[in-house]
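Dear colleague,

Please find below the structure that I am handing over to you. My notes on it follow directly after.

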Amino acid sequence: RRFKPAKFVGLIDGFRTSLNQLVKTLEATKTHFIRCVKPNMDKKPDNFVFDVMQRQLYTSGVVQAVQATRKGFPDHLPFAELLSRFELVVPKSATNKKGADGVRALLSSAGVSDKEFRIGKTKVFLGVGVLDQLEQRRMEYIASKVLSMQMLVRAYNARKRLKLLRDEKARAAKAKAEAEAAARAAEEAARKEREAAEATAARQREEHRRGLGTLSA
């Protein structure tokens, strides 16, 4: 019986471990394949030749795959994602259900016919244009809520500005009233002081006149 060298066995174990780790990583992620094309035959940057790129897309089958996909049900979403994303565009009563039943009720309430979607085990497959239609309704709903929020904010700011103007006007009126009251008080004090001075002067004249009369007698 021939035995393999320990070094060779170590290489095999290391390769097996690396391969298992790679498989686990791939299984734990959503793999997406990217098709790369040459922009031109000279491999120069910032030089896109349409004929060269189109020929590569056709010969690699990308165009045919896209056409075939769009003829069927190109968009597919998990049940939970569809329900959470588009539950806003239908009445709340249509989103009480979960899973396949909830998806079917949501699409039916959104006006999507049975021919335009298919229900799978964990995902729903949407026909051409259905996802765009749902996205448009969702954006319209969000836009309406944004407008409502803007109206509320503008009304709040307008009321706040009106209150500030009223408070400022009230403060100005109060300051004017206080100033007028102070002016009237000052005038009244000056009048009383003048009257007191005049009375004192009249009394002094009367006393002087009486003193002159006494001397004459």
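A contact here means heavy atoms within 4.5 Å. On that basis, residues 24 or more positions apart account for 48% of the contacts in the protein with a separation of 6 or more. The model is a predicted one, in which local features need pLDDT of at least 70 and side-chain atom pairs count only at pLDDT 80 or more, while totals for chains, interfaces and linings use all residues. Residues are numbered from 1 along each chain as its sequence is written, and side-chain values use heavy atoms, with hydrogens and water left out.

The protein comprises 6 helices and 3 strands (DSSP runs numbered from the N terminus, H or I of at least four residues for helices and E of at least two for strands). Along the sequence they follow the pattern α-α-α-β-α-α-β-β-α. Of the 217 residues, 13% are buried (under 20% relative accessible area, with a 1.4 Å probe and protein chains only; exposed is over 50%, and partly exposed lies in between).

The strands form an open sheet in the order E1-E3-E2, with antiparallel pairing (two strands pair if DSSP finds at least two bridges between them). Strand E1 (75–78) and strand E2 (117–119) are at the edges with a single partner strand each, so one side of each has no neighbour in the sheet. E1 and E3 are joined in the antiparallel sense over 4 bridges, and Asp75 stands opposite Leu126 in E3.

Two helices meet this sheet. H4 lies across E1, E2 and E3 and runs at about 90° to E1, whereas H5 touches E2 and E3, its direction making about 165° with that of E2 (axes are lines fitted to C-alpha atoms, for helices over the stretch in contact, and angles run from 0 to 180 degrees between N-to-C directions).

In helix H4 (residues 79–86), the buried residues are Phe79, Leu82, Leu83 and Phe86. Seen down the axis of H4, they fall within an arc of 100°, so they line one face of the helix (the arc is that of the directions from the helix axis to the C-beta atoms).

The largest nonpolar core has 18 residues, and those touching the most other members include Leu82, Phe86 and Leu134 (such a core is a set of buried Ala, Val, Leu, Ile, Met, Phe, Trp, Tyr and Cys residues joined through side-chain atoms within 4.5 Å). H4, helix H5 (99–109), strand E3 (123–126) and helix H6 (130–216) each supply at least two residues of this core, and H4 gives the most, with 4 residues.

Yours sincerely
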